[in-house]
Amino acid sequence: MPSLVLGVGTAMNILSRGLIETFAVFLLPLSLAFATDRVALTAIYSTYMLVYGLTAPFIGLLIDKLGVRVCYSLGLLLVGCGLSLAGRAQELWQLYLTVGAMCGAGTAALGMVPASVLASRWFDRRLPSAMSLLYAALGFGVLIFSPLSQWLIDAGGWRHAYQRLGLVPLIILPLTFLLPWRRILAGDATLSERRAGTAGHALRAALVHALREPDFWRLAGVMFFTTLATFTIMIQLVAYLVEVGFPTLLAAGVFGALGIISTVGMMTVGMLAERFGERLIATLSYSCSIIGVGLLALLDGRPHMGLLIAFALVFGTVSGSRGPLVAVLSSRRFGGAAQATVYGSVLLAMGIGGAIAGWATGALHDLTGAYHAGFAVSALAALCGMLLFRSIDV
């Protein structure tokens, strides 16, 4: 049963972020179709991340009240309809509503909030590895859907691509009703008894208690700065690589390759954290992020394949690696009656960070005509995230 739990969480995570992170591939086609500035387009992604963050606490509350099955069904429906309707958009505001709002809420319902609840019910000592595997699925989703999206765009345009991608979650939705949810949600009997004995608070009281803990705000701060550091780079990565001289398909392929590289990194970080501790591994990962940003900046004016590969390996390996560590610490510190709601509240900071990243990367590009200001923001945010993580009592 633990394998099935990981399988369900992995599949949903592949869909949750894999389908939406393809926005970087759609950026140039959308700019041509709507003839607008870059900040107006990246603000679509900002809307998505903001809605994701604002929705996450309510998704946690929904799970604590009604369970994971309802949450997953809602997520599949929202993402499927959002992408399908995006392919019919005639005005830019319609993309804000579909890709931004509908997919933002749907992704929150499919992602790490329900997955972390399932994993914590079945894993104890190996929880870091389980969380790392679940987070790795996010990168694997990028690997699958980014090249697929580029292929669909080349074959029939961005509308065709969005409509075909929207069919995937809608087809999967009825299949989820065949899963043995009662057994999946029961969890390991030993862990269930232990956590039931330590919960001790009603849902509201447990949440209020968590909000009074400094480590809750430190975890939220880590997610904010980490997301700002990562997405300031990722949102415009394909456009940047094309502008410095790399072919479009290669640029999309690199974006997808970051998915598999980050998958390896996220699976490894759990095992390393179990052996060396979360603080040391987080420090190393943030350092690699800063180095990776520097390598990316060096590509401007010299589209050297060796530099591109070095960036992909250094930046990609640690991309997303802090997420599993935060999920583990949140589960350890705030497990119990409000576990999903607390973790969803932590992810609110992630949504705000992503929203600011989406706006800032477009605004800085339009203001300066280049990408280096965004690179500087990314490096500074990674440094702040590292310092904040080191202050957490692990």
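I looked up Leu30 first. Leaving aside neighbours within four places in sequence, Leu30 is in contact (heavy atoms within 4.5 Å) with Phe23, Ala35, Leu41, Leu95, Trp158 and Tyr162. The model is predicted, so I note that local features need pLDDT of at least 70, side-chain atom pairs count only at pLDDT 80 or more, and totals for chains, interfaces and linings use all residues. Residues are numbered from 1 along each chain as its sequence is written, and side-chain values use heavy atoms, with hydrogens and water left out.

Helices here are DSSP runs of H or I, at least four residues, numbered from the N terminus.

Next I took Ser46, which lies in helix H3 (residues 38-66). Ser46 is buried at 8% relative accessible area; buried means under 20%, with a 1.4 Å probe and protein chains only. Beyond four places in sequence, Ser46 contacts Gly354, Ala355, Gly358 and Trp359.

Last, I looked at H11 (residues 214-234) and H16 (residues 322-334), which pack at about 165° with axes 11 Å apart. Axes are lines fitted to C-alpha atoms over the stretch in contact, and angles run from 0 to 180 degrees between N-to-C directions. The pair is therefore roughly antiparallel, a label for angles over 145 degrees.

Note on methods
Helices (H or I, at least four residues) and strands (E, at least two) are DSSP runs, numbered from the N terminus. Angles under 35 degrees count as roughly parallel, over 145 as roughly antiparallel, 65 to 115 as roughly perpendicular and the rest as oblique. Buried means under 20% relative accessible area, exposed over 50%, partly exposed in between (1.4 Å probe, protein chains only).
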